[in-house]
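Let me put the structure up, and then we can walk through it together.

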Amino acid sequence: MADTDTSPARTFAGHKKQVYCVAAVGSKLFTASGDHKVRMFNLATGSLVRTVGSHGKDVTSLVALKDEMDSEATLYSGSLDKSARAWSESGLAIQVYKGANPAGILCLAADKSAGVLYAGNTANHVVSWNMRSGVAHMVLEGHTDHVRDICLTPKGIYTASNDGTVRLFSKATGDCEREFKLNASRAFSVYITPRGNQMIVGTTEKSLIVLDIASGQEAATLHGHAGPLTCVRSAMWTNGYVFSASADGTVRRWDLAKNACTCVYKAHKDWVRFLCFHDGMLYSASDDGTVLCWKITGGLGGRAAI
């Protein structure tokens, strides 16, 4: 039986509509919202610091990067206004990214070492740009419906789509190298375990699908959520646990070794859209307009062993 934790450590409020995405760097928390804003909060106090930037439509995705030598984080936001933008945390507009045939952006991922920004969109493909210059890099094609999530790995780029598949693309050529067909109508999120041997997919069928990547075969299906799964994430220090967010308003923690849910985090009043980890804490973004901070319990620690 899963434990239930109903006591978030902190609440971050300030958006007028749903919070689609959240990222934490240093002492700051950054959020992207349906109110068209990117905002910055103080992690320690939960207080709103400033509005960093804005788009013409919903801001659906966000990446925050900061080098040790940098005084400020650089934020990358993606929007349904068909653009991605780069900002300094102080609110300075740095770059605008648009494709030749722009479409609404649903997800972002950044390859910091290569200097490439990737965006999944409503035109069923992934576009990419040089992060510094804004020059188009390549387009990843093959999906037949919206691209919902991107997971970057040393072996390539995994993408989850409303077409019910996950695809693996080459970073070098942009070619589709593999297609994983799921027993689900839509794939909302994809996560690859640190060893690169398992793929975890969040689906609209209220379940997590665990696949063996080498064979492409389904290893397990994990049930427990009462709504579509919007996000699947983990961190190097969570000791093999994977976390899922759902339209049922909860976050669940899964032990993949036992294929079991070991904890349920309840407090949001609407869909939970996105999860991120920072300094031993879990942050969940929701349609209720808030981000909640959870202290992760259960003896977690060390490098993930899956």
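Let's begin with one side chain: Phe277 is buried, at a relative accessible area of 16%. Keep in mind that what you see is a predicted model.

What does Phe277 pair with? Its partner is Phe243, and the two rings sit edge-to-face, 5.3 Å from centre to centre with 65 degrees between the planes. Phe243 counts as buried too, at 0% relative accessibility. Phe243 belongs to strand 24, residues 241-246, and Phe277 to strand 27, residues 272-278, so this pair links distant parts of the chain, 34 residues apart.

As a general point, nonpolar side chains in soluble globular proteins tend to be buried together. Here the largest nonpolar core has 43 residues, and the members that touch the most others are Leu29, Leu75, Phe243 and Tyr283. Strand 3, residues 19-25, gives the most to this core, with six residues. There is also a second, separate core of 16 residues, with Cys151, Phe180, Ile192 and Ile213 among them.

If you'd like to click on Leu75, here is what to look for. Beyond its neighbours within four places in sequence, Leu75 is in contact with several residues, including Phe30, Val38, Val52, Leu62 and Trp87. Arg85 is also one of the contacts of Leu75.

Back to the rings for a moment. In total there are eight aromatic pairs. One of them is Tyr158 with Phe180: the ring centres are 6.4 Å apart and the planes meet at 35 degrees, so this pair is tilted. Tyr158 sits in strand 16, residues 156-161, while Phe180 sits in strand 18, residues 176-181, so the pair ties together parts that are 22 residues apart in sequence. Both Tyr158 and Phe180 are buried.

Next, please look at strand 25, residues 250-255. How many of its six residues are buried? Six of the six are, so to speak, tucked away: the strand is mostly covered. Thr250, Arg252 and Trp254 point one way from strand 25, and Val251, Arg253 and Asp255 point the other way, with all of them buried. Those of you who like charged side chains may enjoy Arg253, which lies over the face of Tyr241, at 4.7 Å from the ring centre.

Strand 25 has a partner on either end of its story. With strand 24 it pairs in the antiparallel sense over five bridges, and Val242 has Trp254 as its bridge partner. These two strands form a hairpin with three residues between them, and Gly249 in the turn has a positive phi of about 85 degrees. With strand 26, residues 260-266, strand 25 pairs in the antiparallel sense over six bridges. There, Arg253 stands opposite Cys263. Strand 25 and strand 26 also form a hairpin, with four residues between them, and Asn259 in the turn has a positive phi of about 50 degrees.

Strand 29, residues 290-295, is another one to find on the screen. Five of its six residues are buried, so strand 29 is largely enclosed by the rest of the structure. Strand 28, residues 281-286, is joined to strand 29 by five bridges, and the two run antiparallel. Met281 has Lys295 as its bridge partner. In the hairpin of these two strands, Gly289 takes a positive phi near 85 degrees. Strand 29 also pairs with strand 2, residues 10-13, in the antiparallel sense over four bridges, and Arg10 stands opposite Cys293.

Four strands form an open sheet in the order 19-20-21-22, with antiparallel pairing. Strand 19 (187-192) and strand 22 (218-223) are at the edges with a single partner strand each, so one side of each is left without a neighbour in the sheet. From one strand to the next, the twist averages 20 degrees. Inside the sheet, strand 20 (residues 198-203) and strand 21 (residues 207-212) pair over five bridges, and Gln198 has Asp212 as its bridge partner.

Finally, where is Gly91? Look in the loop between strand 9 (84-88) and strand 10 (93-97). Gly91 counts as partly exposed, at 29% relative accessibility. From Gly91 to Leu222 the C-alpha to C-alpha distance is 42 Å, and the two are 131 residues apart in sequence.

Methods. Residues are numbered from 1 along each chain as its sequence is written. This is a predicted model: local features need pLDDT of at least 70, side-chain atom pairs count only at pLDDT 80 or more; totals for chains, interfaces and linings use all residues. Side-chain values use heavy atoms; hydrogens and water are left out. Two strands pair if DSSP finds at least two bridges between them. Axes are lines fitted to C-alpha atoms, for helices over the stretch in contact, and angles run from 0 to 180 degrees between N-to-C directions. A nonpolar core is a set of buried Ala, Val, Leu, Ile, Met, Phe, Trp, Tyr and Cys residues joined through side-chain atoms within 4.5 Å. Buried means under 20% relative accessible area, exposed over 50%, partly exposed in between (1.4 Å probe, protein chains only). Contact means heavy atoms within 4.5 Å. Rings of Phe, Tyr and Trp (its six-membered ring) pair if their centres lie within 6.5 Å; planes under 30 degrees apart count as stacked, over 60 as edge-to-face and the rest as tilted. A charge sits over a ring if NZ of Lys or CZ of Arg is within 6 Å of the ring centre and within 35 degrees of the ring normal.
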